[in-house]
Amino acid sequence: MSQVTDTRTAISVQDVSVAFDGTEVLRSLSLSLEQGGRLGILGPAAGGKSVLLKLLVGLVAPDAGRVHILGTDISRGKEKTLMRVRRDVGMLFQNYALFDFMTVGENVAFPLARLGETEDDEIADRVSARLKAVGLAGSEAKMPSELSGGMKKRVGIARATIARPALLLYDEPTAGLDPVTTSKMYELIAADQADTGCTVVAVSSDVGALMNFSTELALVHEGSVRYRGPSHAISKSEDALVRQFVSGDDAGPL
Amino acid sequence: MLGDVTISAIGRGTLFAWRELGGITILAGQVLRALLPPRLDGPELFRNLYRMGNRSLPIIALTAFFVGGIMVIQAGVLVKQLNAAGLVGWGAGYAIFREVGPMLIALMFSGRVGSNNTAELATMTVTEQLDGLRALAIDPIPYLVVPRVIAMTVSLLCLVVLGNLIALYGGAFFAMFLLDLEFSTLYYSLVDNIGWLDFVHGAIKAAVFGSAIAMTSCYFGISVRGGAVGVGKAVNAAVVAAAISIVTLDFLLTAVLP
């Protein structure tokens with residue numbers, strides 16, 4: 001269990017560039033977030049949002065620039081450093097990334113079980129509580145293949161949060177969920193954050209829900225940050241591209 | 001112009017082959033590093049031993065039984081012409097232990113277990129399950145690859161030993177019913193001429209083939225790119241690479257081993 005106890009910067013990304021097969025996905029991107037912050041990342045599709053999240057957990061290495069997570073430099077991609085940092089990070093993947101050879105219960109229990117610091121009874125209790133919190137009480141014995149996309153997403157949220165990590169990264173946490181469940185999921189994420197003081201970064205295409213949830217927003221377009229500031233001010237941005245994306249108008253630079 | 005195209009194709013093919021060979025070698029190094037000291041996931045190892053070894057036994061046994069029969073039928077024509085019934089047991093045993101058993105069972109194992117392993121790992125890769133493990137501070141090499149490499153090596157060794165015995169029984173069965181040979185003739189021909197070295201020769205080959213199938217199938221599984229199309233290509237590449245590895249290693253081992 002990791003509780004945030006000071007005011008260090010949780011995330012610091014400085015002039016980071018990432019390219020795949022010669023195509024630049026992130027371009028000199030800089031971003032920072034204080035511990036305990038709640039940042040929403042939005043932007044047009046294929047703009048580099050998911051790559052940015054993977055960069056924050058060391059699944060993508062920067063070609064240039066520096067990435068500090070919870071005070072540790074992970075830019076060099078050293079395996080031992082990455083493993084240490086990842087113990088304090090929870091991540092929900094866009095495609096759930098549930099282990100299909102494990103049951104739902106085993107999936108959710110996995111972050112606790114691999115640490116080996118929690119008794120089996122307590123793990124079982126916490127798995128039940130997490131599944132109940134995401135509206136899937138009693139689903140422990142099911143296999144991921146038996147679940148719908150929305151249910152898999154909720155299992156992914158339960159797995160990401162069960163070890164109460166200091167930094168939580170959500171990639172499209174509400175994709176495939178109905179509006180009521182979307183509200184409930186954001187309420188759950190906010191309640192968890194209030195409970196543990198963790199830092200939350202969420203990527204979503206659901207602009208309205210993300211604006212309501214986040215205290216701060218960043219709009220990423222073509223690998224660069226086009227807006228970084230309070231959620232309530234994004235619709236008044238001087239950048240026409242940012243205003244168009246938020247309003248959803250046809251006319252504009254996008 | 002045609003010459004340029006041909007040279008270019010050969011160059012691309014060579015670079016591709018060396019790149020894949022390099023990747024498999026690096027993976028082999030990672031597997032060895034993970035085994036020093038051994039950090040095995042017991043349940044994952046036994047799960048793989050069961051589904052790769054135990055569940056392959058019926059098809060391997062069936063194949064081996066008829067392979068033994070084929071050996072005897074092919075030898076039967078010469079045996080009758082030369083009146084050399086005393087050589088049937090030796091001939092079948094020598095070929096089965098040293099060559100036909102390990103190679104045919106390895107190719108069968110590659111088709112059934114290796115391709116399945118590649119498909120499974122490749123699907124896990126394209127659905128971000130391997131990234132999911134890494135994000136949870138679990139290295140997929142010791143957790144997923146090492147148990148599979150051990151399970152496939154041990155399974156193929158055991159299957160070849162069992163398969164060879166079944167092939168011998170198959171050979172004896174067909175020899176008695178198709179060539180009218182006595183079981184005792186076959187038995188003494190075998191035990192008088194086949195030594196433990198013949199058995200060890202085949203066993204070493206089986207273990208090496210098992211490792212090769214495991215490494216190629218795991219490598220193409222975890223290095224896959226793209227979605228469903230990528231998974232299909234990875235399985236295809238793994239089966240081809242395993243077959244080439246088996247034949248090449250068989251040649252080298254036959255030349256080196258006593």
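B:L27 is in contact, meaning heavy atoms within 4.5 Å, with B:I141, B:V145, B:M215, B:C218, B:Y219 and B:I222, leaving aside its neighbours within four places in sequence. The model is predicted, with local features needing pLDDT of at least 70 and side-chain atom pairs counting only at pLDDT 80 or more, while totals for chains, interfaces and linings use all residues. Residues are numbered from 1 along each chain as its sequence is written, chains are lettered from A and ligands numbered from 1 in the order in which they are written, and side-chain values use heavy atoms, with hydrogens and water left out.

**Nonpolar cores**
- B:L27 is among the residues with the most contacts inside the largest nonpolar core, which has 50 residues; such a core is a set of buried (under 20% relative accessible area, 1.4 Å probe, protein chains only) Ala, Val, Leu, Ile, Met, Phe, Trp, Tyr and Cys residues joined through side-chain atoms within 4.5 Å.
- Helices, which are DSSP runs (H or I, at least four residues) numbered from the N terminus, that give two or more residues to this core include α1 (2-34), α6 (140-178) and α8 (196-222) of chain B.
- The largest share of this core, 11 residues, comes from α6(B).
- Another core, of 42 residues, lies apart from it and includes A:L131, A:A163, A:M185 and A:V242.

**Surface**
- B:F173 lies in helix α6 of chain B and, at 37% relative accessibility, counts as partly exposed, a class running between the buried limit and the exposed one of over 50%.
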